[in-house]
Amino acid sequence: MLLLCLLILSTGGCGGTKDGAEEVSLQGAGATFPYPLYSKWISEYHKVNARVRLDYQSIGSGGGIKQLTERTVDFGASDVPMTDEQLRTAAKEVLHIPSALGAVAVIYNLPGVASGLKITSDLLADIFLGKITKWNHPGISAHNPGVSMPNADILVVHRTDGSGTTAVFVDYLNKVSSEWVGRVGRGTSVNWPAGIGGKGNEGVAGQVKQTAGSIGYVELAYAEQNQIAYAEIRNRSGIFLKPSVANITAAAASMSAQVPDDLRVSITDAEGPAVYPISALTYILVFREQVDEQKGKAVGDFLWWAIHDGQKFTGPLQYAPLPDDLVKKTETRLRLLSFNNQPLLHR
Amino acid sequence: MSSLALRDNEQSGLMARWSRSRHRWSDVLFRRLTACFALSILILLVWMLITLALNARQALARFGWGFLWGRTWDPVREQFGALPFVYGTIVSSTLALCIAVPLSLGVAIFLSEHAPRGWENVVAFLVDTLAAIPSVIYGLWGIFILSPALRNYIEPWLASTFGFLPLFQGPPYGIGMLAGGIILAIMVLPIITAVSRDVLQAVPNTQREAALSLGATRWETTRVVLAHARAGLTGAVILGLGRAIGETMAVTMVIGNRPEISYSLFDPSYTIASVIANEFNEATYELYVQALIELGLILFLVTLIVNAVARLLVWSVTRRTREVQRV
């Protein structure tokens, strides 16, 4: 009797899933920076649309672009927009879909100095160039009255693996220091003039936490989770700000007038009083012309959900939601998604 | 030498006659088959070498020999030089062997020659456990335990005691060549110990009994055993060296990852295997990828050369001891 019940139940269960349309599985790969958010999205989106199975591998922004270009994944992800040369290599048009905003926090370990040390862009560049080597440098003290700075060596800790976090951080330094442009430049890996390298966000966070007198940079979430002191950075309006959800969204909002149609834009060092200057957009990359109608439709639906309903999951994970006008612009781009030159999304 | 060759000849002649009379067919087949297996190793090596060289041909053409002694690694400006990585790889592995070889030989000798029965199994089990720990765990242990210990106690002590040597100068960060060498030493220790122990245990007991019966002390007996096992011990050390040169994860977590050549063991350094693992994913343009593959090629050659030198070194040492013994 019991067996019969179980049998009925199990066949009933099977029938339920078979009723739905065919299952679609989507492969994505790329940036490590938004990985916690994307894995949250994958589990949440499964509740909304159980028909779609998503899989995301956080292999790094460069890897994401490479795999998309070679068409081994259905979507790529990157913290830095693709360069013109990369777009040429991809041959077919690639859409940049901003998915969320994040920030890079400047972390430090100074016994006796609380979180919120005030640092200007010039000081930051000089420290990472290896020109300021002592914490009691008059330039630092001048902006931090009342804080007694120790006479300690500064140990710079940077990322050693190529990363989008590095790309965002050095993009900022490129905008604020002409010496940085001349000596170091931009990229996911650069030739650091000073300091030691840690592997991954956790490597840098671990190193800074261990070593008194060290300074480094990590994604905001890592600074929060590890409870490491992080600095207030002076923005273009001369106001010192810590990274926060509101400050990061403000950075994207203030850039919205300059956002080009293809949405490839850097939002570091943005204008405005409430702006945290080392903020960044992170992108999902898809080919405009899809080769599989089912998959193309599924990717489009997922991305539409991500830039609308998905945005409410950003805050708790230390990311910031896209500002409204950027969402509008992104919608326009998403509608371009096509199969056989026919639009896939009808919204 | 000539008598040896003669004996070999005799033996193979005997074998040939024997196989002709009976299992000729199956013997030939078996010999060919095993020869194929042996050859496949050679083919694999050559094939890897060729693939690496082909995939790095742009970089090879662009940088030429200058790649070997270039000291700048700047992906932004497309300047690539391998010297700091080669230096870091060789010095960190050498340091690791300097620490690990005496230790693991000591452990192996104790286990095979002197340890009471119960002890032997316990210690051998612990050593084998060490070998099974994933390298990322060693790396984390390095960051959170080893590096603070080095920074707070060991490096300041070294600096104040041996600070006159260029090896122990500069600010003690706890991260750097010394930390990398120590982590590597701990990682290769179980391999060298396990293999050496097996080699020593394989030495026939008649050797020990003969030495003891001639009135040799325990120490002298051990020396006889070591001399008998030298070829196997060399193999053990070279296996350890191979792991030290190729280790990636644990080293990169503690060595500081700075492509610079410095005499001080306190300063950060970088190894070939680490830079490939760290930068390959994000190598965004073709020449960059090729430069990393060329580094792989160099790692391949460094391993070959270091292995050859190590064998040569051990060979010359053992030959001398053999001569001494004969006298």
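This report describes strands, sheets, cores and the chain interface in a predicted model.

## Basis of the model

Because the model is predicted, local features need pLDDT of at least 70 and side-chain atom pairs count only at pLDDT 80 or more, while totals for chains, interfaces and linings use all residues. Residues are numbered from 1 along each chain as its sequence is written, chains are lettered from A and ligands numbered from 1 in the order in which they are written, and side-chain values use heavy atoms, with hydrogens and water left out.

Strand β1 (residues 24-30) of chain A has five of its seven residues buried, so the strand is largely enclosed by the rest of the structure. Here, buried means under 20% relative accessible area, exposed means over 50%, and partly exposed lies in between (1.4 Å probe, protein chains only). Strands (E, at least two residues) and helices (H or I, at least four residues) are DSSP runs, numbered from the N terminus.

Two strands pair if DSSP finds at least two bridges between them. β1(A) runs parallel to strand β2 (residues 52-58) of chain A, and seven bridges join them; Gly28(A) has Tyr56(A) as its bridge partner in β2(A). β1(A) also runs parallel to strand β3 (residues 75-78) of chain A, with three bridges, and Gly28(A) stands opposite Phe75(A) there. Together with helix α2 (residues 35-48) of chain A, β1(A) and β2(A) make a right-handed β-α-β unit. A crossover is right-handed if, with the strands pointing away from the viewer, the path from the first strand over the helix to the second runs clockwise.

## Strand β8 of chain A

In strand β8 (residues 214-219) of chain A, six of the six residues are buried, so this strand too is largely enclosed by the rest of the structure. Strand β4 (residues 94-109) of chain A pairs with β8(A) in the antiparallel sense over six bridges, and Val104(A) stands opposite Glu219(A). Strand β6 (residues 155-159) of chain A pairs with β8(A) in the parallel sense over three bridges; the bridge partner of Leu155(A) in β8(A) is Ser214(A).

## Nonpolar cores

In soluble globular proteins, nonpolar side chains tend to be buried together. A nonpolar core is a set of buried Ala, Val, Leu, Ile, Met, Phe, Trp, Tyr and Cys residues joined through side-chain atoms within 4.5 Å. The largest such core has 169 residues, and those with the most contacts inside it include Leu124(A), Phe128(A), Trp73(B) and Leu295(B). A second, separate core has eight residues, among them Ile109(B) and Leu233(B).

Contact means heavy atoms within 4.5 Å. Not counting residues up to four places away in sequence, Leu295(B) touches residues including Phe67(B), Trp73(B) and Ile276(B).

## Chain B and the interface

Chain B has 14 helices and two strands. Of its 327 residues, 40% are buried. Among contacts in chain B between residues at least 6 apart in sequence, 74% join residues at least 24 apart.

In the interface, 27 residues of chain B are in contact with 34 residues of chain A. The area buried between these chains is about 2400 Å², of which carbon and sulfur atoms give 46%. Buried area is the accessible area (1.4 Å probe) that two parts lose on being put together, summed over both.
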